[in-house]
Amino acid sequence: MDDHLNAQGFPRQFARTRRFSLGVPQRFTVSPDGARVLFVRSTGGTDPVSRLWLYEAGEERILADPPTLGGSTEEEIPEAEKVRRERAREMSSGVVAYSTDREARVVAFALGGQLWVVRTDGGEPRSITAAGPVVDPRPAPDGASIAYVTGGALHVVRIDGTDDRLLIAPEGPEVTYGLSDHVSAESIGRSRGYWWSPDSDALLVARIDNSPVQRRYIADPANPTKPPRSMPYPAAGTANAKVSLHIVRLDGERVGVEIPAAANEHHYPAAWTDPAFEYVTTAGWDSHGPLISVQTRDQRSEYILTVDPGTGATELQHHARDHFWLSLLPGTPVRLPSGTPVIPWCRDDTQGLRIGSTPTPAGLQVREVLGAVGERVFFAAGEEPTETHVWSYDSAAGFVRVSEGPGVHTAAVGGDTVVLNSRTDDGQTVTVLHGGVPAGQIAVLAEEPRIVPRPVFLTLGERQLRSQLYLPSWYEPGSGKLPVLLNPYSGHGIQLVVRARGWWTAVSQWFAEQGFAVLVTDGRGTPGRGREWEKSVYGDRLTPVLEDQIDALREAAAHHSELNLDAVAIRGWSYGGYLAAGAVLRHPEVFHTAIAGGAPTDRRLYDTHWEERFLGHPDVTPETYERCSLVAHAHTLTRPLLLVHGIADDNVTVAHMLRFSSALLAAGRPHSVLPLSGATHLVTQEDTASNLLSLEVDFLKKSLRI
């Protein structure tokens with residue numbers, strides 16, 4: 001494939017495939033006996049409608065096909081479901097989420113606000129009449145009932161559609177039961193709001209009271225007759241939603257969970273300390289009872305608590321602490337059938353696990369606990385930051401690596417089955433292992449990019465910065481210098497420099513085909529390199545990250561003479577956009593132009609849990625917000641800058657861009673603004689996403705005069 005010739009059609013393909021996400025299987029569930037694997041996937045790389053699939057006995061079949069079910073449309077999706085999808089960055093429609101009973105025989109899902117159920121052992125999907133538009137339906141473990149949320153109230157209905165009961169209703173318009181609040185879904189990673197008991201006779205339910213929370217109003221200026229959408233958004237330094245937990249039994253009995261008010265005297269102090277437990281980070285209910293985690297407002301303490309389901313009384317099992325902030329490890333805490341706890345544990349600079357009294361090996365950075373089969377724990381971890389592998393542990397076999405070959409691997413488990421989801425430099429594969437032996441494949445139907453990414457992996461400078469360099473496929477060594485484009489994210493929680501092909505690698509190669517040498521670097525603050533590396537951005541989210549980008553650029557140029565340091569651009573989205581704008585403000589001697597998309601330019605406008613972990617409380621440590629926000633430094637701009645922002649973005653609201661642009665204008669600093677009508681933080685409109693890439697190239701070339 002000639003990438004230079006195919007480059008012209010890439011932006012349309014990139015948009016049409018929604019970043020090559022369509023046709024990719026995801027959300028795997030393996031039955032406890034290992035015989036069945038459920039997942040969602042569309043029928044091809046340009047099909048935006050996800051179906052519910054079953055893999056069994058080596059064969060795939062569709063369990064639920066939305067176009068054939070009828071009776072509901074995307075326009076009928078309830079607002080709470082739209083919010084849930086936006087928080088999850090969902091890019092498809094149809095069956096995008098589902099839940100099963102204990103044996104993975106009964107599957108429930110919502111489609112256009114309607115409740116549907118289907119069995120994996122035969123029969124067609126059935127629609128069940130509900131009390132209102134349905135959000136997050138979940139079968140009881142015994143499969144006899146389905147719980148669901150409508151209008152902020154939690155209901156339970158029998159699997160045959162009879163006996164629909166209201167279990168608990170909100171006391172006012174700002175209260176919901178069974179849903180997640182904004183911070184929990186967006187920044188903590190807890191998207192659920194209720195959990196069944198193993199005996200199917202009760203539920204652990206989150207109550208959210210948004211009455212203390214500031215409200216934001218997201219308007220659509222392109223449709224001035226449409227009223228703005230109101231949403232609670234707790235910005236840094238403002239009130240959070242009040243989150244409480246309750247045991248609700250099917251017979252109507254209810255008891256509140258006694259969450260401690262604050263951490264005890266072992267809580268670490270700092271310039272700003274707030275030991276009140278405002279965040280419910282995890283919750284669940286296993287055979288030993290409910291198990292929850294709560295975190296303090298300043299994020300330096302977390303309690304793991306057991307709950308007495310009869311009284312709501314809690315008992316402390318573990319107190320985790322950190323001088324800066326506690327990094328939440330997905331999938332933890334968990335208990336094995338024996339009661340053995342699996343909890344996060346730092347060993348020197350390694351983010352690890354403790355399984356009972358056994359720690360994970362030194363140097364093995366744990367990313368996520370994937371599940372357990374009996375007393376065997378599966379987790380994702382890596383010794384090299386560009387790779388993540390699937391590991392297992394039990395007392396008999398010890399620590400065993402399950403995945404092979406460079407890449408980013410994850411898995412779902414059940415019985416003796418492991419569904420190994422692997423992304424490598426060659427693409428993505430999903431392999432079904434039985435007893436550790438490959439037994440089949442689940443098809444990945446995504447389109448192949450018209451451009452094949454050709455990154456050169458580099459380790460640069462004193463800090464051994466992991467980087468990738470992309471050169472045009474048509475470039476001949478020694479034929480002249482190339483303008484440089486830095487294309488990083490380099491923010492907390494996300495890596496781009498990995499041994500795996502992703503949409504971002506194809507985009508970087510496409511920019512290279514336009515005549516750039518493209519450099520991508522993961523600097524300080526990114527995951528996978530230990531506690532000190534991650535926490536090095538505490539108090540300053542910009543300076544050390546920019547230092548790493550500049551060091552990587554200069555080190556790469558020292559070894560690759562084709563890089564022209566007299567023509568350097570930087571682009572990015574979200575934190576990457578913030579980094580790009582900060583680059584031309586702080587270091588115009590290095591960066592000659594920038595494109596900042598969806599950039600959080602005013603750190604006070606972003607949410608409490610995310611922002612306060614790095615910068616503290618803005619009323620107590622205002623200097624950190626002043627240092628890290630861009631608005632106050634707008635007058636320093638001397639380079640061409642393009643600001644791009646989705647008008648409907650409710651995560652990084654368009655206020656960030658407007659305040660920054662206004663400050664630039666007030667300082668007499670020329671800049672360009674590109675508002676994206678109807679776009680959220682994730683731009684999915686085909687024409688917009690396609691043409692945006694081409695417009696960016698035009699801006700960069702004009703700015704660099706090439």
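**Helix α6**

I started with the buried residues of α6: Trp504, Thr505, Ala506, Val507, Ser508, Gln509, Trp510, Phe511, Ala512 and Glu513. I'm reading all of this from a predicted model. Then I checked what follows. Just after α6 comes Gly515, with a positive phi of about 110 degrees.

Next I picked Leu485, which sits in strand β39, residues 482–486. Is Leu485 buried or exposed? Its relative accessibility is 0%, so I put it down as buried.

I then listed what Leu485 touches, skipping its neighbours within four places in sequence. The contacts are Phe511, Phe516, Ala517, Val518, Leu519, Ala569, Ile570, Arg571 and Leu700. Phe511 was already in my notes as one of the buried residues of α6. For Val518 I looked up the spacing too: 33 residues from Leu485 in sequence, yet 4.7 Å away in space, C-alpha to C-alpha.

**Strands β39, β41 and β42**

β39 pairs with β41 (residues 563–573) in the parallel sense, over five bridges. Leu486 is found opposite Ile570 of β41. On to the next pair: β41 and β42 (residues 593–597) are also joined by five bridges, again parallel. Here Arg571 has Ile595 in β42 as its bridge partner.

**The nonpolar cores**

How many residues does the largest nonpolar core have? I found 100, and the ones with the most contacts inside it are Phe10, Phe511, Phe591, Leu641 and Phe660. Helix α9, residues 575–586, gives the most to this core, with eight residues.

Leaving out residues up to four places away in sequence, Phe591 touches Leu486, Ile550, Val568, Ile570, Ala583, Val584 and Arg639.

**Helices α8 and α9**

Helix α8 (residues 543–559) and α9 meet at an angle of about 80 degrees, and their axes are 10 Å apart. That makes the two helices roughly perpendicular. On the α8 side I noted Thr543, Val545, Leu546 and Gln549; on the α9 side they meet Tyr575, Leu579, Gly582, Ala583 and Arg586. Ala583 is also among the residues Phe591 touches. Sorting the residues of this α8 and α9 contact gave me five nonpolar, three polar and one charged.

**A four-stranded sheet**

My last entry goes back along the chain. Which strands form the open sheet, and in what order? There are four, running β33-β34-β35-β36, and the pairing is antiparallel. β33 (408–414) and β36 (437–442) are the edge strands; each has a single partner, so one side of each has no neighbour in the sheet. On average, neighbouring strands here are turned by 25 degrees against each other, direction ignored.

Inside the sheet I looked at β34 (residues 417–424) and β35 (residues 427–434), an antiparallel pair joined by eight bridges. To have one example to find in the view, I noted Ser422, whose bridge partner in β35 is Thr429.

Definitions and conventions
Residues are numbered from 1 along each chain as its sequence is written. This is a predicted model: local features need pLDDT of at least 70, side-chain atom pairs count only at pLDDT 80 or more; totals for chains, interfaces and linings use all residues. Side-chain values use heavy atoms; hydrogens and water are left out. Two strands pair if DSSP finds at least two bridges between them. Axes are lines fitted to C-alpha atoms, for helices over the stretch in contact, and angles run from 0 to 180 degrees between N-to-C directions. Buried means under 20% relative accessible area, exposed over 50%, partly exposed in between (1.4 Å probe, protein chains only). Contact means heavy atoms within 4.5 Å. A nonpolar core is a set of buried Ala, Val, Leu, Ile, Met, Phe, Trp, Tyr and Cys residues joined through side-chain atoms within 4.5 Å. Angles under 35 degrees count as roughly parallel, over 145 as roughly antiparallel, 65 to 115 as roughly perpendicular and the rest as oblique. Ala, Val, Leu, Ile, Met, Phe, Trp, Tyr, Cys and Pro count as nonpolar, Asp, Glu, Lys and Arg as charged, and the others, Gly among them, as polar.
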